[in-house]
Structure formats: C-alpha cells, structure tokens
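Here's a quick briefing to read alongside the structure. Have a look at the model first, then go through the points below.

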Amino acid sequence: MYSRRLRLYEPIVNSLMDRVTNEAFSPAGLHKLVPVKDSLQHFEMNVKGALGCITDLLSNDEDMLDLLLTEKALAKRNGQTLPLESHERAEILLEEYARRLNSILLEIDYLLQRVQSKQDMVALSLDAYRNRM
C-alpha cells in the first residue's frame, strides 16, 4: 500500500518541479509546493507510525509468537504450547516489512528534499527579482 502511494507521488512531484521552474518569478509557484510538501510530510508520519509498530513487535518474542494464530490453535488443540523459538517465521516477515518501510522513508525524504530545494530556489529568485525592481 505504501509503495503504491509513493509511486503516485513521484510523477506529481516531477510535474510540479517542472511547472514551478517555469513560474520561478511568480509567488504562485511557491504556493503550489506547500500542499504537496504537507501531503508528503503526512505520508511520512504514517509510514513512521507503521514502522514504529513493527519495531515494537520485533522487540518482543512473545508478541511475535502471538501472531502465529494457526500454529497456536493447532498446538492448543493438541494440548501443547508453542516453543518461544517458533516466532522466527514471523520475525523474518516483520524484518522484511521494516526494511521496505525504511526504504520508503528514504524515498519520501528524497522527495521532500527536492520540494524544499525548489521552495528555497523560488524564494531566492523572488528576492532577487524584487531587489532588481
């Protein structure tokens, strides 16, 4: 879900960068960047929240063991308990999700830096234009 959303942001940011470059001496160009930047920051907070949840799960072996619902039900039916080491499959899966979320965060950070750089460039261009007047 997050990677699909990130793929939607990339063409939007690219298109916006081109449009703002063409309107460098217009305050409207600066205002177009703000909603995209706000949206990216909100997206970043959501991804960080999901990553935090996964990190919390990874820090507790018993919680990861509780994720194995089918195995737990089978063991209960047979009058057994799952050994603590059984959590490894859930751990591997959660580690992969954490890796993907970290990768998505890096890409979000790159897009945010591009938007911020463009904002700074437009602000400098407007200042220089005003100084020439």
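Is Tyr 9 buried or exposed? Tyr 9 has a relative accessibility of 9%, so it counts as buried, given that the cut-off for buried is under 20%. Keep in mind that this is a predicted model. The notes below start with the aromatic rings and then move on to the nonpolar core and one glutamate.

**Aromatic rings**

- You'll find 2 aromatic pairs in the structure.
- One of them joins Tyr 2 and Phe 43, with ring centres 6.0 Å apart and planes at 45°, so this pair is tilted.
- Tyr 2 sits in helix H1 and Phe 43 in helix H2, so the pair ties together parts of the chain that are 41 residues apart in sequence.
- Tyr 9 and Phe 43 make up a stacked pair, at 5.5 Å centre to centre and with 25° between the planes.
- That pair also links distant parts of the chain, as Tyr 9 belongs to helix H1 and Phe 43 to helix H2, 34 residues apart.
- As for Phe 43, its relative accessibility is 0%, so it counts as buried.

**Nonpolar core**

- The largest nonpolar core has 29 residues, and the members that touch the most others are Val 13, Leu 40, Phe 43, Val 47, Ile 108 and Val 115.
- At least two core residues come from each of helix H1 (2-22), helix H2 (27-58), helix H3 (61-66) and helix H5 (88-132).
- H5 is the top contributor to this core, giving 12 residues.
- As background, nonpolar side chains in soluble globular proteins tend to be buried together.
- Setting aside residues up to four places away in sequence, Val 115 touches Val 13, Met 17, Leu 33, Val 36, Lys 37 and Leu 40.

**A buried glutamate**

- Glu 44 is part of helix H2.
- With a relative accessible area of 15%, Glu 44 is buried, since the cut-off is under 20%.
- What does Glu 44 contact, leaving aside its neighbours within four places in sequence? The residues in contact with Glu 44 are Leu 105, Ile 108 and Leu 112.
- One of those partners, Ile 108, is also listed among the core members that touch the most other members.

Notes
Residues are numbered from 1 along each chain as its sequence is written. This is a predicted model: local features need pLDDT of at least 70, side-chain atom pairs count only at pLDDT 80 or more; totals for chains, interfaces and linings use all residues. Side-chain values use heavy atoms; hydrogens and water are left out. A nonpolar core is a set of buried Ala, Val, Leu, Ile, Met, Phe, Trp, Tyr and Cys residues joined through side-chain atoms within 4.5 Å. Buried means under 20% relative accessible area, exposed over 50%, partly exposed in between (1.4 Å probe, protein chains only). Helices (H or I, at least four residues) and strands (E, at least two) are DSSP runs, numbered from the N terminus. Contact means heavy atoms within 4.5 Å. Rings of Phe, Tyr and Trp (its six-membered ring) pair if their centres lie within 6.5 Å; planes under 30 degrees apart count as stacked, over 60 as edge-to-face and the rest as tilted.
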